[in-house]
Amino acid sequence: MRNVTIDNVTDVVIGSLGKNGTIGERQREVLTSLITHLHGFCKDVNIQHDEFLFACDYLARAGQTCDDKRQEFILLGDILGVEVLVDMLSYPVEGTESESTVLGPFYRENPPVLPKGASIIKKHYDNEETAYFEGYVRDASGAPVADVVMDVWEDAPNGLYENHDADQPDYNLRGRFTTDENGHYAFNAVRPVPYPIPDNETAGELLRGMGHHPNRPGHMHFILSKDGYRTLVSQIYDAESDWLDDDSVFAVKESLIGHFHKTNEHDTDLHIKFDFVLKTNG
Ligand code: BEZ
Ligand code: FE
C-alpha cells in the first residue's frame, strides 16, 4: 500500500499482520485491538511529533531503571490503575470467594518455609507493633481447605521491603506457611505501615505530573495456592491505616480490610483474624 492516509492507516497496519506470523490467535486479537486503540488515541489527542519523541524517551528511561529488584513498568501500570483493572478482569468475583488484588513489584519467590505459628520477623524496630495473624481457609461450601501454601510478605516498620533496604536481613518479613487439617493458618509478624511506592524515577515523574501522591495504606500481602483451587493473590488492609481511601495504586477493597486488636496472648502486641474463601478450579 503506497497511499497511506490518516483515514486508512489503521486498516493498512492491521492488514499487514501476515498469516504466517509467529503469534497465535489470542496475540493477534490483542495486537489488532492495540493498534486500533493506539491509533485512535493518537488521533483523539492529535498527537504531535515532539510528544511522540517525549513518550519514547520516557519509556526508554523507565526501562533503564528496571533491574532484578525494580520493575518500573509494573509501577507505571499501578499508578494508572492498570494492574488493578487487569486483576479484576482476570479474577472476577462471582460468589463468596475472597477478592484478589494487585501483586505489586515486591514479591520474592521461594520465601523461608516456616511451621504454623512461627515468626517472619528477622529484625526489630523501636516503633514496631508485633501482630499475630491467623484465620481459616475454606472453600465456597464452608469446608476447611488443608495444605494450602500461603506466601506472605510485608514492609518493615521503616516502610521498606527487605529487598529494597540494605539494612534488613535477607527475606526479613517474608515466609511460606501451610494450612493445617482444619484449614487454619497462623504466624507472627509486624503491623504493616503505610509506605510510598518508589517514586524517585519515572514513576515519580508520572505521579507528580498527575498531582497524585505515592502512598499506600498498611497491608499484608498473601498468595494462597493449592492444586484444584484458583490461586489467590491478595492483601489484608489495616482498618486504621491512613490512605485507605486514597491508595496510590487503587488496590483497596472493602472486603480485604481487617482489624487489629490489642492482645495479651501470642507474645505479640496485636492480634488479627482474617479468613479466606478459595474458589475451586473449573
Ligand atoms: C505493593 O503492594 O507492594 C505495591 C503494589 C503496587 C505498586 C507498588 C507496591
Ligand atoms: Fe505492598
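Predicted model: local features only at pLDDT ≥ 70, side-chain atom pairs only at ≥ 80, totals over all residues.
I began at the domain boundary, where nine residues of domain 1 are in contact with 12 residues of domain 2; contact here means heavy atoms within 4.5 Å. For bookkeeping, residues are numbered from 1 along each chain as its sequence is written, chains are lettered from A and ligands numbered from 1 in the order in which they are written, and side-chain values use heavy atoms, with hydrogens and water left out.

**Entry 1: the domains**

I looked up the bounds and found domain 1 at 9-75 and domain 2 at 96-278; such bounds come from an automatic or database domain assignment. Taken over C-alpha atoms, the two centres are 34 Å apart. Domain 1 and domain 2 bury about 1000 Å² between them, with 57% of it on carbon and sulfur atoms. I read buried area as the accessible area (1.4 Å probe) that two parts lose on being put together, summed over both.

**Entry 2: what links them**

Which residue forms a salt bridge with Glu-205? I found Arg-61, with the closest N and O atoms 2.7 Å apart. The term stands for a side-chain nitrogen of Lys or Arg within 4 Å of a carboxyl oxygen of Asp or Glu. The count between the domains is one salt bridge.

I also found six residue pairs in polar contact between domain 1 and domain 2, both residues at pLDDT 80 or more. A polar contact is a pair of N or O atoms within 3.5 Å; within protein, one must be able to donate a hydrogen and the other to accept it, and residues adjacent in sequence count only if both atoms are side-chain atoms.

By class, the side of domain 1 that touches domain 2 has four nonpolar, one polar and four charged residues. I count Ala, Val, Leu, Ile, Met, Phe, Trp, Tyr, Cys and Pro as nonpolar, Asp, Glu, Lys and Arg as charged, and the others, Gly among them, as polar.

**Entry 3: ligand 1**

I found 14 residues around ligand 1, and the closest are Asp-78, Tyr-195, Arg-216, His-219 and His-221; a residue is near if one of its heavy atoms lies within 4 Å. A polar side-chain atom of Arg-216 lies 2.5 Å from a ligand oxygen. For Tyr-195, the distance from a side-chain N or O atom to an oxygen of ligand 1 is 2.6 Å.
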